[in-house]
Amino acid sequence: MKIGITKNGTLVEVRKADRNEKYFCPSCQRALKLCSGQYKKNYFAHQSFTKKQGYQPKGETKRHLMGKKKGHRFLQSKSNFCTDGILSTRN
């Protein structure tokens with residue numbers, strides 16, 4: 001995401017964003033964090049929430065997690081297939 005909103009409603013482009021400022025999503029008004037990396041340009045991302053707050057970690061929906069579990073059980077049922085560590089590598 002390239003644009004965030006400040007507490008007072010000002011639109012801010014990510015290239016002009018200040019790390020000490022709080023930003024919010026223009027669409028859903030949830031909190032954003034300013035992200036940057038060695039190889040990527042700066043961008044805004046929604047802050048992660050805990051399951052207790054009603055959101056799945058790392059953007060994975062309940063439906064997505066259910067599909068991963070079903071796929072894992074299916075692969076485990078195949079006699080020559082090992083899935084040890086596949087589901088835990090991203091957690």
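Predicted model: local features only at pLDDT ≥ 70, side-chain atom pairs only at ≥ 80, totals over all residues.
**Entry 1: the overall layout**

Of the 91 residues in the protein, 19% are buried. I also looked up contacts between residues at least 6 apart in sequence, and 21% of them join residues at least 24 apart.

**Entry 2: how the strands pair**

E3 pairs with strand E4 (residues 31–35) in the antiparallel sense, over two bridges.

**Entry 3: the aromatic pair**

How many aromatic pairs does the structure hold? I found one. The ring centres of Tyr 23 and Phe 44 lie 5.0 Å apart, and their planes meet at 50°, so I put the pair down as tilted. I had to recall the cut-offs for that word: planes under 30 degrees apart would count as stacked and over 60 as edge-to-face.

The pair links distant parts of the chain, since Tyr 23 sits in strand E3 (residues 23–24) and Phe 44 in strand E5 (residues 43–46), 21 residues apart.

Are these two residues buried or exposed? Tyr 23 has 5% relative accessibility, so I count Tyr 23 as buried. Phe 44 is buried too, with a relative accessible area of 2%.

**Entry 4: the nonpolar core**

Which residues make up the largest nonpolar core? I listed eight: Val 12, Val 14, Ala 17, Tyr 23, Cys 25, Leu 32, Leu 34 and Phe 44. I kept a general remark beside this list: in soluble globular proteins, nonpolar side chains tend to be buried together.

Val 14 is in contact with Met 1, Lys 2, Leu 34, Asn 42, Tyr 43 and Phe 44.

Leu 32 has its place in strand E4, and Leu 32 is buried, with a relative accessible area of 5%. The contacts of Leu 32 include Met 1, Ile 3, Tyr 23, Cys 25, Phe 44 and Ala 45. I also checked Leu 32 against Ser 48: they are 16 residues apart in sequence, and 9.0 Å apart in space, C-alpha to C-alpha.

**Entry 5: a stop at Thr 6**

Where is the place of Thr 6? I found Thr 6 in the loop between strand E1 (3–5) and strand E2 (11–13). At 10% relative accessibility Thr 6 falls under the 20% cut-off, so I count Thr 6 as buried.

I then searched for a polar contact and found one of 2.4 Å, joining the side chains of Thr 6 and Asn 8. Not counting residues up to four places away in sequence, Thr 6 touches Val 12, Glu 21, Lys 22, Tyr 23 and Phe 24. Tyr 23 was already in my notes as a member of the aromatic pair and of the largest nonpolar core.

Definitions and conventions
Residues numbered from 1 in each chain as written. Heavy atoms only, no water. Phe/Tyr/Trp six-rings, centres within 6.5 Å; stacked < 30°, edge-to-face > 60°. Helix = DSSP H or I, 4+ residues; strand = E, 2+ residues; numbered from the N terminus. Buried < 20%, exposed > 50% of the residue type's maximum accessible area, 1.4 Å probe, protein only. Contact = heavy atoms within 4.5 Å. Pairing = 2+ DSSP bridges. Core = buried A, V, L, I, M, F, W, Y, C linked by side-chain atoms within 4.5 Å. Polar contact = N/O pair within 3.5 Å; in protein donor to acceptor, adjacent residues only side chain to side chain.
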